[in-house]
Amino acid sequence: GHIETALATLSPRERSVLVLRYYNDLKLSEIAETLSISDGAVKSHLFKATRKMRKRLAFLVKSK
């Protein structure tokens, strides 16, 4: 579907952070520990991934 297509456009790291946050409901600190990156890196990747997903899926909101 549309979400899977949008997820495929993310970098592997962005996709991992987004999936762990919104599908697995992990806290930022848990994601950082899981991926062995800093909390700041998690926030950065999550921000970029969310922005890309919003841009890719904006047409779904406009079509309603």
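## A charge over a ring

The charged end of R21 sits over the ring of Y22, at 5.8 Å from the ring centre, where the criterion is that NZ of Lys or CZ of Arg lies within 6 Å of the ring centre and within 35 degrees of the ring normal. Aromatic pairs number 0 in the structure; such a pair would need rings of Phe, Tyr or Trp (its six-membered ring) with centres within 6.5 Å.

The model is a predicted one, in which local features need pLDDT of at least 70 and side-chain atom pairs count only at pLDDT 80 or more, whereas totals for chains, interfaces and linings use all residues. Residues are numbered from 1 along each chain as its sequence is written, and side-chain values use heavy atoms, with hydrogens and water left out.

## Overall architecture

The secondary structure of the protein chain comes to 4 helices and 0 strands, and the elements follow one another from the N terminus as α-α-α-α; helices (H or I, at least four residues) and strands (E, at least two) are DSSP runs, numbered from the N terminus. Taken along the principal axes, the box filled by the C-alpha atoms is roughly 40 × 20 × 15 Å.

Of the 64 residues in the protein chain, 25% count as buried, where buried means under 20% relative accessible area, exposed over 50%, and partly exposed in between, with a 1.4 Å probe and protein chains only. Among contacts in the protein chain with a separation of 6 or more, 52% come from residues 24 or more positions apart, a contact being heavy atoms within 4.5 Å.

## Helix α4

Helix α4 comprises 24 residues, 39-62, and reaches 34 Å from its first C-alpha to its last, close to the 34 Å expected at 1.5 Å a residue; the expected span is 1.5 Å times one less than the number of residues.

Within α4, the residues V42, L46, A49, M53 and L57 are buried. An α-helix has 3.6 residues a turn, so residues three or four places apart point the same way. The buried residues of α4 pack against α1 (2-8), α2 (12-23) and α3 (28-35).

## The nonpolar core

The largest nonpolar core has 15 residues, and those with the most contacts inside it are L10, V17, L18, I31, L35, V42 and M53; a core of this kind is a set of buried Ala, Val, Leu, Ile, Met, Phe, Trp, Tyr and Cys residues joined through side-chain atoms within 4.5 Å. Each of α1, α2, α3 and α4 supplies at least two residues of this core, and the largest share, 5 residues, comes from α4. Leaving out residues up to four places away in sequence, M53 touches I3, A6, L7, L10 and L18.

V17, in helix α2, counts as buried because its relative accessibility is 0%. Apart from neighbours within four places in sequence, V17 is in contact with I31, L35, V42, H45 and L46. V17 and A32 stand 15 residues apart in sequence and 8.7 Å apart in space, C-alpha to C-alpha. E14 also lies in helix α2 and counts as buried, because its relative accessible area is 5%; with neighbours within four places in sequence set aside, E14 is in contact with H45, K48, A49 and K52.

## Chain ends and loops

H2 lies in helix α1 and is partly exposed, with a relative accessible area of 46%. Not counting residues up to four places away in sequence, H2 touches L57, F59 and L60; the C-alpha atoms of H2 and L60, 58 residues apart along the chain, are separated by 8.8 Å. E4, also found in helix α1, is exposed at a relative accessible area of 52%, and E4 and K55 are 51 residues apart in sequence and 14 Å apart in space, C-alpha to C-alpha.

Most residues other than glycine have a negative phi. D25, in the loop between α2 and α3, has a positive phi of about 55 degrees although it is not a glycine, and D25 counts as exposed at 61% relative accessibility. S36, in the loop between α3 and α4, likewise has a positive phi, near 55 degrees, in a residue other than glycine, and S36 counts as exposed at 66% relative accessibility.

Note on methods: Phe/Tyr/Trp six-rings, centres within 6.5 Å; stacked < 30°, edge-to-face > 60°.
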